[in-house]
Amino acid sequence: MSSRTPNGLDKLGLENIGKVYYNLSYDELQAHEVNKSECKISSTGTAMCDTGIFTGRSPKDKYFVDQSPSNQNIFWGDVNHKIDKEIFETLYILTKEELSGKNIYVMDVYAGASVESRRSIRFISEVAWQAHFVKNMFIRPTEEELETFEPDFVVYNACKTSNPDYKEQGLHSEVYVCFNVEENICIIGGTWYGGEMKKGIFSMMNYWLPLEGKLAMHCSANVGKNQDVCLFFGLSGTGKTTLSTDPERALIGDDEHGWDNNGVFNFEGGCYAKVINLDPKSEPEIFAAIKKDALLENVVYDENGDVDYDDKTKTENTRVSYPIEHIANHKENLQAGHPNNIIFLTADAFGVLPPVSKLTKEQAMYYFLSGYTAKVAGTERGVKEPQATFSACFGEAFLPLHPTKYAKLLGDKIDEHGVNVYLVNTGWTGGAYGVGSRMSIKDTRACINGILNGSINTVEFDILPLFNLQIPKTLAGINDNAILNPRNTWGNKEEYDASLRKLAGMFVENFNRYNDNGSEFDYSSAGPQL
């Protein structure tokens with residue numbers, strides 16, 4: 001534990017504070033977790049906690065205070081909900097009352113490995129495992145840095161309280177996750193889920209950085225021995241974590257990054273991985289990372305502390321957070337130069353997109369804005385065929401600004417640094433889900449290797465109809481080059497053509513939402529043309 005009291009404790013507005021546990025060590029945190037009966041310890045020495053009735057984020061309970069000047073920047077709608085300043089102040093008082101008169105945990109950390117772009121964040125909680133979560137997920141200052149640490153932003157986590165007046169206030173539920181941009185404050189109540197703190201700061205980095213001309217990104221990143229950097233964007237299930245984990249390349253980070261004048265940098269100091277159905281053979285790095293100092297959430301275990309990763313009794317969203325040092329092959333300073341390659345990952349369950357295609361800058365912005373993947377049939381009652389899912393910039397839930405603001409920044413940086421951009425389909429080939437088969441990891445790796453070693457730029461290309469995507473005719477490491485053109489893999493070519501047209505229509509319909517006055521400019525001509 002740091003031997004000093006945090007700077008500015010008197011400015012927090014809390015009364016009759018008990019003991020202040022400041023930036024506790026991992027050993028101290030584990031002792032608190034066990035002594036307070038917050039956690040059990042697994043057979044591998046990992047702390048295990050339950051997050052209560054909320055085992056995931058509550059996106060409908062996320063609010064920004066409607067005030068100037070931030071309300072001129074925020075893209076209001078289904079993602080970013082307004083809350084009146086008066087209601088915020090009421091909830092702020094409720095939050096501070098919950099944390100007053102208590103022993104509290106204070107964690108001072110950084111968001112962002114780049115000194116030029118990072119923010120100093122202070123987290124306050126009355127729960128030890130939440131302090132542990134913060135220690136895992138953010139960048140840990142040195143003792144020397146803590147001596148002069150002054151927070152740019154403060155998160156008050158009052159998870160043990162809730163809002164009894166939400167109906168009268170016109171809010172969604174008793175849960176609240178509220179951001180006051182002008183006051184640099186976030187307040188949390190009604191939910192214990194640690195991911196609210198992680199993604200809350202990610203949302204704020206997505207607000208701050210673009211206004212400085214820097215890009216905030218929901219992606220993984222790695223760097224090769226020649227210092228070539230690659231970014232992997234993709235929604236859940238597309239292979240973002242798996243494909244960026246490469247024994248030949250150092251991991252910069254697995255989830256949240258920034259791109260400033262010096263290059264790419266991790267926002268975080270740790271990883272937050274799903275562990276449902278975790279298999280040590282297919283994901284050995286994550287499995288090995290689950291040891292002392294890691295924190296498991298909502299897993300099922302026996303009396304010996306042995307975890308059953310296949311058990312979904314509590315939730316399918318079982319997770320582990322751990323410091324990035326638990327990944328042996330990681331980049332020590334969590335940053336690298338400007339990207340050489342960007343890869344958009346999609347799991348196309350319709351089976352019509354090629355395994356890999358090369359994008360123009362305009363296409364890159366179009367597919368970045370589209371953020372496409374597909375749910376497979378059978379995942380929900382009544383779903384008989386694949387369903388398209390679109391999430392702007394591969395992280396729409398965390399974008400306070402209009403999505404085209406991020407796409408324009410991406411386009412500018414692609415131009416400035418001569419970045420190559422590719423679309424890689426890790427989904428189905430030879431037919432849609434239920435008829436075709438999942439793209440083999442071997443062929444997907446061959447596509448990734450062709451991108452990373454540059455060999456994909458030396459071959460001839462075909463053009464995919466309607467989408468106008470450039471698809472290579474040949475690629476080293478692919479057993480049968482015929483699979484590079486998905487039409488070749490379908491037995492019924494007319495069915496393929498009809499499915500391709502259907503998916504193109506879904507893209508066009510989704511993209512219509514960007515044809516509004518808030519858009520930076522129109523990218524629709526770079527998408528499918530019907």
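Colleague: How are α3 and α6 oriented to each other, roughly parallel, roughly antiparallel, roughly perpendicular or oblique?

Modeller: Oblique, therefore neither of the parallel classes nor perpendicular (under 35 degrees is roughly parallel, over 145 roughly antiparallel, 65 to 115 roughly perpendicular, the rest oblique). Before we go on, this is a predicted model, where local features need pLDDT of at least 70, side-chain atom pairs count only at pLDDT 80 or more, and totals for chains, interfaces and linings use all residues. Residues are numbered from 1 along each chain as its sequence is written, and side-chain values use heavy atoms, with hydrogens and water left out.

Colleague: OK, what are the numbers for α3 and α6?

Modeller: The axes of α3 (residues 128–137) and α6 (residues 195–211) come within 9 Å and cross at roughly 40°. Axes here are lines fitted to C-alpha atoms, for helices over the stretch in contact, with angles from 0 to 180 degrees between N-to-C directions. Helices are DSSP runs of H or I with at least four residues, strands are E runs of at least two, and both are numbered from the N terminus.

Colleague: Which residues of α3 and α6 meet?

Modeller: From α3 you have Q130, F133, V134 and M137, and they meet G195, M197 and K198 of α6 (contact means heavy atoms within 4.5 Å). That set divides into four nonpolar, two polar and one charged. The classes are Ala, Val, Leu, Ile, Met, Phe, Trp, Tyr, Cys and Pro as nonpolar, Asp, Glu, Lys and Arg as charged, and the others, Gly among them, as polar.

Colleague: And how do α9 and α10 sit relative to each other?

Modeller: Those two are roughly antiparallel. The axes of α9 (residues 361–370) and α10 (residues 403–417) cross at roughly 150° and come within 9 Å. On the α9 side the contact includes M365, F368 and L369, and on the α10 side Y406, L410 and I414 are among the residues involved. By class, this contact has nine nonpolar, two polar and three charged residues.

Colleague: Are Y366 and Y367 buried or exposed?

Modeller: Both Y366 and Y367 are buried (under 20% relative accessible area; exposed is over 50%, partly exposed in between, with a 1.4 Å probe and protein chains only). Y372 and F507 form a tilted pair, 5.0 Å centre to centre with 55° between the planes. Y372 is in strand β24 and F507 in helix α12, 135 residues apart. Y372 is buried at 3% relative accessibility, and F507 is buried at 0%.

Colleague: Which residues form the aromatic cluster?

Modeller: Y366, Y367, Y372, F390, F467, F507, F511 and Y514.

Colleague: What about S37, buried or exposed?

Modeller: Exposed, at 64% relative accessibility. S37 also has a positive phi, near 60°.

Note on methods:
Rings of Phe, Tyr and Trp (its six-membered ring) pair if their centres lie within 6.5 Å; planes under 30 degrees apart count as stacked, over 60 as edge-to-face and the rest as tilted.
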